[in-house]
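Here is a short briefing to read alongside the sequence and the structure.

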Amino acid sequence: MNNSRRHFLGRLGLATAGLGLVSLDSFGVSPAAAKFNFDISLAEFSFASELFSGKMTNMDFPARAKNEFDITILEYVSGFFNNKHKDQAYLNELKKRCDDLGMKNHLIMVDGENLTALDNAARAKAVEAHYPWVDAAKFLGCSAIRVNLGDAMAMLSGKKEEGTPAQLATAAVDGYGKLLEYAGKAGLNVIVENHFGVSTDPDWLVGVMKQLKATNKGLLPDFGNFCAERSKPETMDIKGIMATKCVKEHEKYEGVKKMMPYAKGISAKTHQFDANGNDPETDFIKMFKIIKDSGWNNGIVGIEYEGGLMREMGGDMTKPANDEGIRQTKALLEKVLEELG
């Protein structure tokens, strides 16, 4: 794969939270008696179309979240740092902007090299490539980084992922496990999203979690990422990728239920809304009843609106623009708190 194509696919692969559950026992409150609650964060990928086109930069993210949406908890995306995550001057400026606005840097979604590579050398290289992101997240005051377990490049190009699920699980336990060790020394969680390839299978993810003892492991259930196989894109550009169809999908409600025992955050992904402001793809009340019944409470739920990217770069004008989609997703989450809290 040439560098330009690899860069493009890497950017396409950007596509969300690191706090663990708050223990109520120390306050003398039983989980059953606690009011269901969560804080709302904003995932930077909600602005993907503007960031890809250059209308917005990573440095603009904190002010937009605060001033336009009154959201003060941030979830960054690694690709939008434009390889400046090891530039201390850049990190200093970003942190200063956040501090001045009173923002909380929550996590960085890292779409990096393949932690489940079957080749030992490639997997070791991938683990080490994630170390600077742990360091950057620590400096910015984040509580976690989000990583992928699975081959994003294969998923985006429509190719079959190399290796059996069992082989990939063995590789994941090794690669992800070593990254957990490094992040643990920095006091950071490393959480895994159901995102690409084999990681869209909740049973596979839970199986990996069961084999690891590290306390800083965890999952980030994403409502919209249970597609196990997509059609092959006709063209290898953004429009071609977004025109692909899901041909095999895991059931999302059951998937989230299975993931919740390991959840250290929630990614509330949306693409569109009906006339009543509800998400036609995900019943938020049904989904959050599952989340509430799991005992998860007082964590962080991230808004990740992808409809703007489909509108601006895919030509689907039925989807709201970024700002409207973010506001409608926030309103949905506020409705959940009103009805279930």
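Predicted model: local features only at pLDDT ≥ 70, side-chain atom pairs only at ≥ 80, totals over all residues.

Residues are numbered from 1 along each chain as its sequence is written, and side-chain values use heavy atoms, leaving out hydrogens and water.

**The disulfide**

- One disulfide (a pair of cysteine sulfur atoms within 2.5 Å) turns up in a search of the whole structure.
- Its partners are Cys227 and Cys246, with sulfur atoms 2.2 Å apart.
- The pair links distant parts of the chain, 19 residues apart: Cys227 sits in strand β7 (residues 227-230) and Cys246 in strand β8 (residues 246-249). Strands (E, at least two residues) and helices (H or I, at least four) are DSSP runs, numbered from the N terminus.
- The disulfide is right-handed because the torsion about the S-S bond of Cys227 and Cys246 is about 115°.
- Cys227 counts as buried at 8% relative accessibility, while Cys246 counts as partly exposed at 32%. Buried means under 20% relative accessible area, exposed over 50%, and partly exposed in between (1.4 Å probe, protein chains only).

- Cys98 is in no disulfide, and the nearest cysteine sulfur, that of Cys142, is 8.6 Å away. Cys98 is buried, with a relative accessible area of 0%.
- Cys142 is likewise in no disulfide, its nearest cysteine sulfur being that of Cys98, 8.6 Å away. Cys142 is buried too, with a relative accessible area of 7%.

**Helix α5**

- Helix α5 (residues 120-140) has 21 residues and spans 31 Å from its first C-alpha to its last, close to the 30 Å expected (1.5 Å times one less than its number of residues).
- At the start of α5, a side-chain oxygen of Asp119 comes to within 3.2 Å of the backbone nitrogen of Ala121.
- The buried residues of α5 include Arg123, His130, Trp133 and Leu140.
- Those buried residues pack against α4 (88-101), β3 (104-109), β4 (144-147) and α7 (165-185), where contact means heavy atoms within 4.5 Å.

**Glu306**

- Glu306 lies in the loop between β10 (299-305) and α12 (307-312).
- Glu306 is buried, with a relative accessible area of 14%.
- The side chains of Glu306 and His271 are joined by a polar contact of 3.0 Å. A polar contact is a pair of N or O atoms within 3.5 Å; within protein, one must be able to donate a hydrogen and the other to accept it, and residues adjacent in sequence count only if both atoms are side-chain atoms.
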